Amino acid sequence: MKVRDFRREVEAELERTQARAATERLGPAVADAETWEAALASLQDRRAKPESRLAALYTLQAGAFDLAKFAPFAAVFVAALQTVAQAVDETAELRRAALDHLANTGDTIASRVLIEGLEGTQPAAVPPAAALEMLARDDHGSAVRIATKMLDVSEEVQVREQAARILGSDPASAGRLETMMKDTGEANAVRRASAVALRALRPDAFGTAAHTVLGNEADTEIDATVRRGLRTSSPKQL
Amino acid sequence: MRAVIEVEPTDRNGRCFLTWAPVRATLRLEDADRTVGGHDVTLRNAGPAGGGRVVFSTRFTQSDDAELRLQQVASDGTPRTFWVAGEFRSPSTAYGDVVIEAVDNSNAVIGKRDGMVRVRKNAVALTAAERDLFLDALGQLNDAGGGPFRAFRDMHVAASAPEAHGAAGFLAWHRAYLLDLERCLQEIEPAVALPYWRFDEAAPSLFVPEFLGSPSNSPGASDLVVFRPGHALEFWTTDGVVGIARRPRWDITFAPTTNVSIGGGTIPAVLTEGDTFELGGSQDRYAGFRRMEANPHGAAHVRFTGPVNSVPTAARDPLFFLLHTNVDRLWARWQWLNRRSNADDPSAYSVFGTSRPDGGGTVGHRLDDTMWPWNQDRVAPRPDFVPPRAGLPPSPYATAPGTGTPRVRDMIDFHGLYSRGSLGFSYDDVPFEIETLETEEAIV
């Protein structure tokens, strides 16, 4: 295609879309301090509609990507999220969104809320599999302790799958992961998660267990996962 | 008589990878009849239908010519120079689907050269083979958390955030970051180019178990994405965390550009491409355009749950790199549309000169600043830990930036319009186009 023709095409298309956007746009194209102030007020306003508060949370999250300009709002934003995360009467969606953001930063209040929910000392803010996943993003110590306990008591596949992944950061759990990976009584998802975790934790132990699995089970989901694990290898230093 | 076609540059296996930017090539004759001084030779495309195609020129410029007649090529073997580039809108899908053929006056084939027009493509347009090649390379780079990807993860953390965010150098830093990653992927698999997620369009085929994964919709599920068994990213591990948590916050069968209500007003969720270009204002200046860091960039990040929605953790998720490739594509396309590739053009960038060491937030963001970590600087306000990467690695496919310590300015003229040295990447919808006649004449 001729570049000159392409330029004409693109310019015409942009003129059309920009003209359309100009007539449809009702707010500022890029959020600014005024928008963030309004968003903070909305997020903190428990009488506001949940969907508006959620939109406000997203706007503030996006603003946080503009580090310098957002800096004056950052602490208030985190405090607002902590308030939402701890309030058991907030909507589940808003609470989960607040915990999701806080979990990325290793927030101790979020960790406490998640742990209390998992241990049953407070009403859970999110389902246990989700709580384990969020907790594991930063607080490995607590996550491993609780995941080990959950594996002892929970039969729920999603919980066991998530717990198995968490053990991938715990050297003491290699044996347990190997057992779960080979256990035909476990759900496929749990066995695959165990294989993935063991590969991350102890590639040598994974290799040995993998050959046992491949010898016994062909053309299964665990077979495909294990084969991939054996194929993945570290390139030279790049 | 044989014709030998050599294209610069090639990799260690002699393979040639092209973008839309022309590269120098030569043709020379062997065993030619020396009783005459020269022979006419025609260069043309001879690859399979649907494969990549190239265009030719006798000088460094954009061309539409799929054939080039070289008159009186010396019979004594003296090489004749020409320029070759990928034909815009005709990229390859695999190595070898480009074939340059040389024919003599009787139309007999006297030489061939294979290659590939390798450009960054919209992820939803990749063939299954292209997609899997990319995923395989990325999976190998990560190697279940033990591979070189760790350095890329460690480059994009809280302590290094001011190097790359919140100021003018946001786009340049991420361009270098992507280039560094892409060059590593190409060391593993040379046919790979980074794909992009066009976040202002629907892309349902991206968020599926075969590509970037998809979380379970079961009420009790976490946001962990599920891959098909044996997927290349199934073993993805960073920061001691096995797996990737990410759930779209919108119906992925639509573009995430629906407006959301807030505080009685309305803001667009993710700016469309047209609106993003409008940020440059009536004068199309970089100072305005770079506000895209907040939206669409930030807005696209927060369309998901999980680490990808926060600066210090976003690079844990492979999606990060497809998102940022689109951010970079938007910059490249804005540059092309508005002819903003000359680093010395005051509209092409916004803060000039070099930062003073105590320059606070501007260190690393001025036009002539070098960028961390490639410059290995550990003096405040740079991060005080050992830089996760050494210099930017050279590429066998590109001559620029020509240094392992890139400056902000080295990232601006990505097609080498002014410097004549391309960074070695193109986008499927951003052509190579000389900006001014003076430029073209100056670099012939």
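Me: How many of the 8 residues of helix H7 (residues 294–301) of chain B are buried?
Reply: In this predicted model, 8 of the 8 residues of helix H7 of chain B are buried, so the helix is largely enclosed by the rest of the structure. The buried residues are Ala294(B), Asn295(B), Pro296(B), His297(B), Gly298(B), Ala299(B), Ala300(B) and His301(B).

Me: And what covers the buried residues of H7(B)?
Reply: The cover includes H3 of chain A, together with helix H5 (273–278) and helix H8 (319–338) of chain B.

Me: OK, on to the contact between the chains: how many residues come from chain A and how many from chain B?
Reply: Chain A puts 68 residues into the contact, and chain B puts in 75 residues. On the side of chain A that touches chain B, the largest share is that of helix H3 (residues 50–63) of chain A, with 8 residues. By class, this side of chain A has 33 nonpolar, 23 polar and 12 charged residues.

Me: Switching to chain A itself, are H9(A) and H11(A) roughly parallel or antiparallel?
Reply: The axes of helix H9 (residues 157–166) and helix H11 (residues 188–201) of chain A come within 8 Å and cross at roughly 5°, and H9(A) and H11(A) are therefore roughly parallel to each other.

Me: Which residues meet there?
Reply: From H9(A), Val157(A), Arg160(A), Glu161(A), Ala164(A) and Arg165(A) meet Ala189(A), Val190(A), Ala193(A), Ser194(A), Val196(A) and Ala197(A) of H11(A). The residues of this contact of H9(A) with H11(A) divide into 7 nonpolar, 1 polar and 3 charged.

Me: Which residues touch the most other members in the largest nonpolar core?
Reply: That core has 195 residues, and those touching the most other members are Leu99(A), Leu132(A), Ala197(A) and Ala85(B). Helix H4 (residues 170–188) of chain B gives the most to this core, with 11 residues, and the core also draws at least three residues from each of domain 1 (2–117) and domain 2 (123–442) of chain B.

Me: What does Leu132(A) touch, leaving out residues up to four places away in sequence?
Reply: Leaving those out, Leu132(A) touches Leu118(A), Ala143(A), Ile146(A), Ala147(A), Met150(A), Val159(A), Gln162(A), Ala163(A) and Ile166(A) in chain A, along with Ser222(B).

Me: Last topic, what separates the centres of domain 1 and domain 2 of chain B?
Reply: Taken over C-alpha atoms, the centres of domain 1 and domain 2 of chain B are separated by 33 Å. Their contact takes 19 residues from domain 1 and 21 residues from domain 2, and the domain 1 side has 11 nonpolar, 5 polar and 3 charged residues.

Definitions and conventions
Residues numbered from 1 in each chain as written. Chains lettered and ligands numbered in written order. Predicted model: local features only at pLDDT ≥ 70, side-chain atom pairs only at ≥ 80, totals over all residues. Contact = placed C-beta atoms within 7 Å. Helix = DSSP H or I, 4+ residues; strand = E, 2+ residues; numbered from the N terminus. Nonpolar A, V, L, I, M, F, W, Y, C, P; charged D, E, K, R; others polar. Axes fitted to C-alpha atoms, helices over the stretch in contact; angles between N-to-C directions. Parallel < 35°, antiparallel > 145°, perpendicular 65-115°, else oblique. Core = buried A, V, L, I, M, F, W, Y, C linked by C-beta atoms within 7 Å. Buried ≥ 20, exposed ≤ 12 C-beta atoms within 10 Å, placed from the backbone. Domains from an automatic or database assignment.
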